[in-house]
Amino acid sequence: MVDRAHTPTPPAPTASEEVLSPSESVLLSVRESASRLAMDAEVVGLLSTSWREIRAQLPVRMDDKKLRIFEGYRVQHNGARGPYKGGIRFHPAADLDEVRALAMLMTYKSALMELPFGGAKGGVMCDPSRMSENELNRLTRTYTQHIHMVLGLQRDIPAPDMGTNAQTMAWMMDAYGQMHGHTPGIVTGKPVELGGSFGREQATGRGVAACMGEYARIEGIDPRDIRVAVQGYGNVGSWTCRLAAELGFRIVAISDVKGGIANPDGIDIGALDRWFAIAKSVAGFPGAQPITNEQLLEIPCDYLVPAALGEVVTIDNAERISARVVVEAANHPVTPAADAILARRGVMVLPDILVNAGGVTVSYFEWTQNIQQFRWPLERVNEELEARIVAAFNQLMARAAKDGTRPRQAAFDIALERVGQAIKLRGFV
Ligand code: NAD
């Protein structure tokens, strides 16, 4: 039994405050859901903070021979449902609170998808676009050396996120293996040549496109009549564009960190990929008009897909979002106050913990394949991913309809019930 006097219960933030930190924003959804579910205060107390947070100093010798000291984190939020699981973000804004928020989201994402994992996230405050391959290799190894003691095949399994990729995971696997022996399943999202799963790279985008297709089916609208704007053309954004275009959706605007493009008749994604291979940005693509990132968010379209940073739809632009559906491919792209505005305006928000769960789902497939030392064919990976995400989508929509809640609320209700049950069954409280 946990002593209530010592159960940490941070004050509940309110939706009217736009000044909430990322972790307070997630906590707001959790607390609203806990109150709807009349959940045990001790369980809520446990879920209000992280199980463990590591902050590490990461000294790296740069190519110019100068020593630079980075800061890195690994946050393990809750492991009641299984080993911790969550990506590693390399980004200048990846501070401890951001990583904490993302770790919380992972706990609920895994629960919603019924994956046997808890939630974690890692981050290093750095700008990978300004670092050489050798510098990134050294930074990744230093980071791994500082967190290896809390990782493990049955303990905590990292994956890629913003600013990291299959190469980063290969370096992590190697650095971990030097200390603990060869352990391919210690990270997911590895190169296929090193035990990665077929289909992992496109998995998050495939899940996003599947959710868009399923919602279009529910709306009874042909995807060819649906105009889509996508912010971000990295892993998630680019695969969402390719796979949504395959389903027939008309991609009318795309942006990345360097700028945006729009074409109301639809952007030819194949031609854009050929441009991107040389220009390294969507900006300047000759088959479209230039727009800014701010314009992209407000551009006339039906589905808006933020697939880059968090907190891009805020009280400053929520009234001007013209899309009728916001598909949260990025993590927490809509602030709580903006969410309330969108709800008032009747804009449907399909929540991140469902929409971008394709990545962790195929990470789960990769982990099981590594443990079994057996590889699934691509067709099986894609079929099982789509079946799982469509089933979770429909379960969530049915729950929302039954309870009269919005999809984000229904998603947290389902996930929190599952995490709460695991906490109680294990006897944590
Ligand atoms: P990425 O690094 O591959 O791509 C990020 C993209 O965002 C790039 O196109 C970059 O140019 C763009 N971007 C960066 N700053 C921007 C800005 N200020 N304005 C506009 N665009 C900007 O990252 P990713 O893996 O595609 O992740 C994108 C989002 O999806 C993140 O929120 C991440 O947490 C989430 N996510 C990723 C995965 C995954 O499997 N990679 C899984 C779940 C969720």
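Across the interface of domain 1 and domain 2, we find 1 residue pair in polar contact, with both residues at pLDDT 80 or more. A polar contact here is a pair of N or O atoms within 3.5 Å; within protein, one must be able to donate a hydrogen and the other to accept it, and residues adjacent in sequence count only if both atoms are side-chain atoms. Salt bridges between domain 1 and domain 2 number 0, a salt bridge being a side-chain nitrogen of Lys or Arg within 4 Å of a carboxyl oxygen of Asp or Glu.

A quick word on the model, everyone. It is a predicted one, so local features need pLDDT of at least 70, side-chain atom pairs count only at pLDDT 80 or more, and totals for chains, interfaces and linings use all residues. Residues are numbered from 1 along each chain as its sequence is written, and side-chain values use heavy atoms, leaving out hydrogens and water.

Now, where are these domains? Domain 1 covers 52-194 and domain 2 covers 203-355, with bounds from an automatic or database domain assignment. To their contact, domain 1 brings 12 residues and domain 2 brings 7 residues; contact means heavy atoms within 4.5 Å.

How much area is buried between domain 1 and domain 2? About 820 Å², and carbon and sulfur atoms give 65% of that. Buried area is the accessible area (1.4 Å probe) that two parts lose on being put together, summed over both. On the domain 1 side, Leu105, Lys109 and Leu112 lose the most area to domain 2, together 47% of what that side buries.
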